[in-house]
Amino acid sequence: MNSILRTVLDGQLGSWLAAHGQPAFRRRQIERWIASGADEFEAMSDLPKSLREALRGAFVLRQSHVVRHQHDPDGTEKLLLEWSDGQRIEGVLLRDAQRRTVCISTQVGCAMGCVFCASGLSGLERNLRREEILEQVLRLQACLGDDERLSHVVVMGMGEPLANLDELLPALDFLASPDGLGISARRITLSTVGLPAAIRRLARHARPYRLAISLHAADDTLRSRLIPVNRSIGIAAVVEAADDYFRASGRRLTFEYTLLGGINDRASDACRLATLLEGRTALINLIPYNPVPGLPYPTPRPADVRRFRDILEEAGIDTQIRKRRGAAIEAACGQLRRAEAETLSSGGGVE
């Protein structure tokens, strides 16, 4: 059966309604219900009963089911969702003061091969479809209390967002539209290892989404070791494309840098990074590594994290250290999916 989310994102709902003798304003009513998180057509109480029945006969509202819902004492919540083909992805809701942020995935697995990340350990299974990307947001939004409102979206979950722009952009545009969730495009962030052609395509899309470039190293030798896809790209091309995005959008760039103890967290690494980004309007987001069971990469020492930050700030570069959240619920990308897969393979089953 067709997904109504897909029909909305493809701009086909109005045509379907017209073919069923419904007035045009019904489209906006249905989209409002979708944006509010309605998970069954019967809940759309301002629609005629006959229309609700027709919708129920033609479409589904949800295609996933929740395999696991975890809660961290710090307010973070994580969902493991399974699609009809058996593939699973993760999404996270983060609470920080008044900010309510969802972190969503764009692919099942990942092809970028970052050696310290759980998301790509089994490679890429498939791209998520636009309706699946939107459904993640709606599922996570449903975790909010009556006095809470979704304020930010970060596309930093499983997968490389810029490798799936055809499906991602329609979903994000609905999130940013006043007829959708009405989240400001300036509060939507896409995180990428840096695919230059896709960065320039995003610039042409002319929505002021925030771009976050995952560097993790300031020279090609180390970066290619940590992010194998860099061998065919190179840091210079990534930074040049990022500069083009800044000129097109006017948005300050964020460069993400995951600190791995004893690998890329030395003073010399910080100095090279400061030199690479000298003169740019940018924020560096330092991310102390969140360990993944089975991978040999350690968390950096707090003193080394502070030293790294101080070197960057002394060079005049805005720098912040990301607060670790969701540690009790395996909130790093891909950890819960991987843990569940290992449980199933050992015969443990799913709770």
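Q: What makes the contact between R200 and D244 a salt bridge in this predicted model?
A: The side chains of R200 and D244 approach to 2.8 Å, N to O. The criterion is a Lys or Arg side-chain nitrogen within 4 Å of an Asp or Glu carboxyl oxygen, so the pair qualifies.

Q: Why is the pair R200 and D244 said to tie together parts of the chain?
A: R200 belongs to helix α7 (residues 196-205) and D244 to helix α9 (residues 235-249), so the bridge joins parts 44 residues apart in sequence.

Q: Why is R200 called partly exposed?
A: Its relative accessible area is 28%. Buried requires under 20% and exposed over 50%, so a value in between is called partly exposed. D244, at 23% relative accessibility, is partly exposed as well.

Q: What makes D243 and R280 a salt bridge, and where do the two residues lie?
A: The closest N and O atoms of D243 and R280 are 2.9 Å apart, and the cut-off is 4 Å, so the term applies. D243 is in helix α9, whereas R280 is in the loop between α10 and β13 (282-288), 37 residues apart.

Q: Is D243 buried or exposed, and how do you know?
A: D243 has 18% relative accessibility and counts as buried, because the limit for that class is under 20%.

Q: Which classes do the two partners of the R301 and D304 salt bridge fall into, and why?
A: The closest N and O atoms of R301 and D304 are 2.9 Å apart. R301 has 56% relative accessibility and counts as exposed, since exposed means over 50%. D304 has a relative accessible area of 9% and is buried.

Q: How many salt bridges does the rule give, and which residues are linked in a network?
A: The count comes to 33 salt bridges. One network links R6, D10, D85, R126, R129, R130, E131, E132 and E167.

Q: Why is helix α10 described as roughly parallel to helix α11?
A: The axes of α10 (residues 267-276) and α11 (residues 302-314) come within 9 Å and cross at roughly 30°. That makes the helices roughly parallel, because angles under 35 degrees fall in that class. The crossing of α10 and α11 is right-handed.

Q: What makes up the contact of α10 with α11?
A: A267, D269, A270, C271, L273 and A274 in α10 meet R307, F308, I311 and L312 in α11. The contact residues comprise eight nonpolar, no polar and two charged.

Key. Residues are numbered from 1 along each chain as its sequence is written. This is a predicted model: local features need pLDDT of at least 70, side-chain atom pairs count only at pLDDT 80 or more; totals for chains, interfaces and linings use all residues. Side-chain values use heavy atoms; hydrogens and water are left out. Axes are lines fitted to C-alpha atoms, for helices over the stretch in contact, and angles run from 0 to 180 degrees between N-to-C directions. Helices (H or I, at least four residues) and strands (E, at least two) are DSSP runs, numbered from the N terminus. Angles under 35 degrees count as roughly parallel, over 145 as roughly antiparallel, 65 to 115 as roughly perpendicular and the rest as oblique. A crossing is left-handed if the near helix is turned anticlockwise from the far one by less than a right angle, and right-handed if clockwise. Contact means heavy atoms within 4.5 Å. Ala, Val, Leu, Ile, Met, Phe, Trp, Tyr, Cys and Pro count as nonpolar, Asp, Glu, Lys and Arg as charged, and the others, Gly among them, as polar. Buried means under 20% relative accessible area, exposed over 50%, partly exposed in between (1.4 Å probe, protein chains only).
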